[in-house]
Amino acid sequence: MNFWFDPVNFIAHWLNSLLVGWGMAEWLAALIIQLVGVVVLISLMMVFDVFLVWVERKVVARFQDRLGPNRVGPFGIFQPFADIIKLIIKEDITPDGADKVVYNLAPILSLMSVLLLWAIVPLAPVIFGVDLNVGALYIVAAGSIGTLSIIMAAWSSNNKYALIGAFRQVAVLVSFEIPMIATMLIPTILAGSMGMNEIVHGQQTVWYVVLAPLAALTFLIAAIAELGRSPFDLNEAESEIVAGFHIEYTGMKFGLFYAGELLHAFTFGGFWAILFLGGYHFFGLENLGPLVAMVILFAKAMFGYWVIMWVRYTVMRIRIDQMLAFNWKFLTPVAFVLLMLTALMNTLLRNTPSAVYIVGMLLTNVILGWIIVEILRGFSRRERQRTEGIASVTAAAQH
Amino acid sequence: MIATQIFFLITGLVILGSALMVVTTRNLIHAALWLIVTLFGVAVLYAILNASFLAVVQVVVYIGAIAILFIFAVMLTHKEMRDRGPQLNNGWWLNAIISLLTFGGLFWMLQSWSGVSKTAADFPSGFDAVGQLGRALISPDAFVLPFEVASVLLLAALVGAVYIAFNRK
Amino acid sequence: MQNEWLYIGLFFVIGLLIPVAALLISWIVSPKKPNPIKQSTYECGMETVGENWVQFKAQYYIFALVFLVFDVETVFLFPWAVSLGSLSLFAVIEGIVFILILIAGLVYAWRKGMLEWV
Amino acid sequence: MIPLSWFLILSAALFSIGLFGVLSRRNAVAILLGIELMLNAANINLVSFWRYGDVSLMAGQVFAIIVFAVAASEVAVGLALVISVYRRRNTVIADELDLLKW
């Protein structure tokens, strides 16, 4: 038992012998060790969340050609602490007619639904919370608690704008959940398991982004919508409904929603990395030690998070009808066609040499992608002709 | 395992208490939220029964979809926030007696059945419930027909529900 | 197997406790000076008109409904996907037929114009 | 370990509560809530029989999943009916929907 190669078990054994040595019952010691593990993991994520506030503000500033926070500490790195202190000492206002219990429960559930996701993240080959064999569905399950918290927040705060925002947000969340689940089925097929550890393990030689690039893209789009981030941020839509479902929340309760949102984005960057970008694998570098593997996973998750931010600060907000049409008429059929093709090709090619298998899968994706792009081009050509036709008619009428 | 038993009793009390709130509370949104507590409790029961897949599916389908649909429906069919008027029938006490009699009857039948005090056997080693379930759903000599029929059922529900809810007046 | 859910249960409890602790700290520290104006519903300074229970489009319900059906469908597909590696081509075809039947429902809703936001 | 009877009694109690809800509630949506409770009670039974019987026979779990599909279909159609009725008759109280009584 070596600390460098198996730190968690090393510490667990040490703690166990210590606690049992104090005369504690075996099962109680095991429970306390698990509790310590959970507390450490969640605290790590909360600290990281604080860091994410700074990252988000700094990156958005660079995208918009500004400096971002730069007063508190070097590069403004202590800015989030100032933010937190501000949020804590702000007065907490509960609006009239609010349903107090539900109103207070909603932000708690919102943050919890994100924290729950980290229970199944394999940080390294030997560092993971739990190897749940229904991992992919667990992600969806935790997400549905988040959806619930949105409705609870909006309904209990007794504000019609909050309710409109929540309705929109929930309609979007549930719609985009379908392509997300369908694309999560693809790594499940490729790895033959829903467990995150198995999926990461299956990518030792070749990452699933090579075998299923379109699925990776679809998952990313669905994840961005799931996060309620721009271009799909019509739940906030400042000019129409002020701030969406958390309009009435102040102080730390708003802070919990905000923290949940940031951590959610990073977490989905992480799941993108786990499902498609090889998790903690990086060309054998992960064999140096679990801590290195952990750094690799965090770097990949950060990359996913950065892509999400990149899209957020580049693309404009989409109207709700366009967005739902995009989901039901484009993304969902694409995801299901992709799923059927992957299942078929995977079965047909599974007894071939690995090179043929990889090329076959990649080629399927390329051909399907080409067909999709052609359909889209035809559609946009028709649409352009339609709008230009209308434009020329109106121009003629004006003359 | 006394700890599991205590845990089960707590879960059971939560389920029954929240189920009682579902059927008695005045505010329908509260009833839907209490239903979510009940459904979550049932998910915990599935976890106790080692049916991981069903526990997660319970949360995904019931809390993530059915409860959301209920809340939407309540919001779509209400003109005001507070529910006025009685929420229960005039004959609710008769219904309560009927329900108690049902429970009593079921309890009595369970008492007279011999297999009731069975305890669970351990899982065979390397037992993969999800894979087993997938093979059972697909293999022609098991449940492939229910599997496909479920798909047709869902299709019928989709078409029917969309048709009913979507009639332009 | 029991152990996994015990761990997730612990995660659940701690995940609840940490936000609660944050709210408690804030509740202790923050000032409390309520007044009617402050507590009124926030609508950018306008007086609130009517109930918060505005009439919603039934369209939201339609989307939730289509979602519900597809959600249940994917639940059926997960066990299929897990055991796909050890199954024959026949099983794959069965799954594809399953998906196609559901796609037919989507096409029906699409053709009927129920996915339009009108 | 927990004996099978505990699960069965719990599910019987849940079923009775659901039955009470179905019989007593006036609001049609609340009646559907009661039906959900009853379906869940049935599901608890199915899963516990799977666990306490032969675990390699997946019938219990398969039926539980089928019950999920049935519950989803029932809720989708039922709530669609309620919404449709509400839009025509402006009520969701089941007693007042008496057009077919005569």
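Helices (H or I, at least four residues) and strands (E, at least two) are DSSP runs, numbered from the N terminus. This is a predicted model, in which local features need pLDDT of at least 70, side-chain atom pairs count only at pLDDT 80 or more, and totals for chains, interfaces and linings use all residues. Residues are numbered from 1 along each chain as its sequence is written, while chains are lettered from A and ligands numbered from 1 in the order in which they are written.

Start in chain A. Glu26(A) sits in helix α2 (residues 26-63) of chain A. A residue is buried if 20 or more other C-beta atoms, placed from the backbone, lie within 10 Å of its own, exposed if 12 or fewer, and partly exposed in between. Glu26(A) counts as exposed because it has 10 C-beta neighbours inside 10 Å. Follow the chain on to Ile221(A), 195 residues away in sequence. The C-alpha atoms of Glu26(A) and Ile221(A) are 47 Å apart.

Ile221(A) belongs to a helix pairing. Two residues are in contact if their C-beta atoms, placed from the backbone, lie within 7 Å. On the α9(A) side, Leu214(A), Ala215(A), Thr218(A), Ile221(A) and Ala222(A) take part. They meet Leu331(A), Val334(A), Ala335(A) and Leu338(A) of α13(A). By class, Ala, Val, Leu, Ile, Met, Phe, Trp, Tyr, Cys and Pro count as nonpolar, Asp, Glu, Lys and Arg as charged, and the others, Gly among them, as polar. The contact of α9(A) with α13(A) holds eight nonpolar residues, one polar and no charged.

Now look at the geometry of this pair. The axes of helix α9 (residues 213-227) and helix α13 (residues 320-349) of chain A come within 10 Å and cross at roughly 145°. Axes are lines fitted to C-alpha atoms, for helices over the stretch in contact, and angles run from 0 to 180 degrees between N-to-C directions. The crossing of α9(A) and α13(A) is left-handed: the near helix is turned anticlockwise from the far one by less than a right angle.

Helix α3 (residues 79-89) of chain A has buried residues Gln79(A), Pro80(A) and Leu87(A). They span an arc of only 95° around the axis, so they lie on the same side of α3(A). The arc is that of the directions from the helix axis to the C-beta atoms. Their cover includes α2 and α11 (251-275) of chain A.

Next, the contacts between chains. Chain A gives 17 residues and chain B gives 15 residues to their contact. On chain A, α5 (135-156) and α6 (160-191) each supply at least two residues of that side. The largest share, ten residues, comes from α5(A). This side of chain A has 14 nonpolar, three polar and no charged residues.

Five pairs of chains touch, and chains B and D make the most contacts among them. Here 57 residues of chain D are in contact with 71 residues of chain B. Helices α1 (4-24), α2 (28-52) and α3 (59-89) of chain D each supply at least two residues of the chain D side. α3(D) gives the largest share, 19 residues. The chain D side counts 41 nonpolar, twelve polar and four charged residues.

Finish with chain C. It has four helices and zero strands. Of its 118 residues, 41% count as buried. Confidence in chain C is lowest in helix α2 (residues 36-39), at a mean of 70, and highest in helix α4 (residues 89-111), at 87.

Note on methods. pLDDT is the predictor's confidence in each residue, from 0 to 100.
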